[in-house]
Amino acid sequence: MTPLDYEFLRKLLKERSGLDLSADKQYLVESRLVPLARRTGLPGIPELVARLRGGADRLTSEVVEAMTTNETFFFRDKIPFDHLKEAVLPALVQARASRRALRIWCAASSTGQEPYSIAMCVKEFAGLTGWRVEIVATDLSQEVLEKSKAGIYSQFEVQRGLPIQMLVEYFKQTGELWQLNADIRGMVQHYQLNLLQDFSHLGTFDVIFCRNVLIYFDHDTKTGIFDRLARMLEPDGVLALGAAESVVGITDAFKPYPERRGLYRPNAARAVRAGAAPAALKLVAAAAR
């Protein structure tokens with residue numbers, strides 16, 4: 001791969017997925033794209049790049065999918081799900097008592113382990129019995145969304161983070177594979193979505209999980225996504241980020257959730273500067289107490 005080929009791929013991936021590859025990641029590109037080139041009948045990356053320069057849209061999508069990291073497992077990092085059960089859901093049950101409905105968005109949902117972990121938390125939370133809870137799962141890759149919809153996982157996948165009692169309760173074994181029960185799968189709606197594009201059509205949410213994806217974006221891209229996420233979150237809602245992610249030094253649209261690492265709330269002071277409606281400001285102020 002020539003330096004020009006690598007720069008072309010870097011620019012393409014940045015524009016299409018937000019993935020910001022540093023100058024020393026050529027080995028990563030080669031390890032993921034050489035197999036793709038050979039599967040498509042091309043001898044190597046130079047020929048792949050030549051095809052991409054010619055405007056091969058389907059091949060471009062395959063390149064983006066090959067380079068997008070889809071590492072995930074059930075109840076990854078555990079702490080955010082403990083926060084969800086111990087603090088977030090109890091507070092929202094009280095705040096939403098009149099409407100008895102919640103909306104939760106899992107962005108960059110990959111093969112489904114995260115949104116289904118959320119669904120199992122909701123299922124086991126007694127305070128939500130009889131409520132309407134909508135869980136929306138989105139990802140850039142249609143391939144991983146199809147796997148998520150099926151809810152079928154290997155023995156290795158269900159052993160990563162999933163408590164044995166939940167495996168027994170919510171999965172059915174077929175040979176060496178395990179499939180989530182239909183009631184849990186039915187709690188999650190799947191949509192293909194690029195976080196670089198407008199996502200306001202999804203509506204507003206009470207909780208947004210956007211974990212372990214922003215680390216791949218540059219500063220300006222992160223700032224733009226955070227600002228748009230803030231507009232998608234209810235004034236008293238909660239944003240959950242990954243363990244290596246933070247809003248510090250990137251945006252003032254959010255502030256840390258007290259004593260709950262990795263959780264953030266809309267920033268009331270930012271809302272004042274932006275001219276938020278008085279009713280919304282009251283909700284934000286109440287949530288901050």
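The charged end of R265 sits over the ring of Y257, 4.0 Å from the ring centre. Here a charge counts as over a ring if NZ of Lys or CZ of Arg is within 6 Å of the ring centre and within 35 degrees of the ring normal. R103 likewise lies over the face of F205, at 4.2 Å from the ring centre. The model is predicted, so local features need pLDDT of at least 70 and side-chain atom pairs pLDDT 80 or more, while totals for chains, interfaces and linings use all residues. Residues are numbered from 1 along each chain as its sequence is written, and side-chain values use heavy atoms, without hydrogens and water.

The structure holds 7 aromatic pairs. Rings of Phe, Tyr and Trp (its six-membered ring) pair if their centres lie within 6.5 Å; planes under 30 degrees apart are stacked, over 60 edge-to-face, and the rest tilted. F226 and F254 have ring centres 6.2 Å apart and planes at 65°, so this pair is edge-to-face. The pair links distant parts of the chain, 28 residues apart: F226 is in helix α11 and F254 in strand β9 (residues 254-256). Helices (H or I, at least four residues) and strands (E, at least two) are DSSP runs, numbered from the N terminus. F74, Y153 and F171 form one aromatic cluster.

The count of disulfides (cysteine sulfur atoms within 2.5 Å) is 0. The sulfur of C121 is 12 Å from the closest cysteine sulfur, in C106, so the two are too far apart for a bond. C210 is in no disulfide either; the nearest cysteine sulfur, that of C106, is 8.8 Å away.
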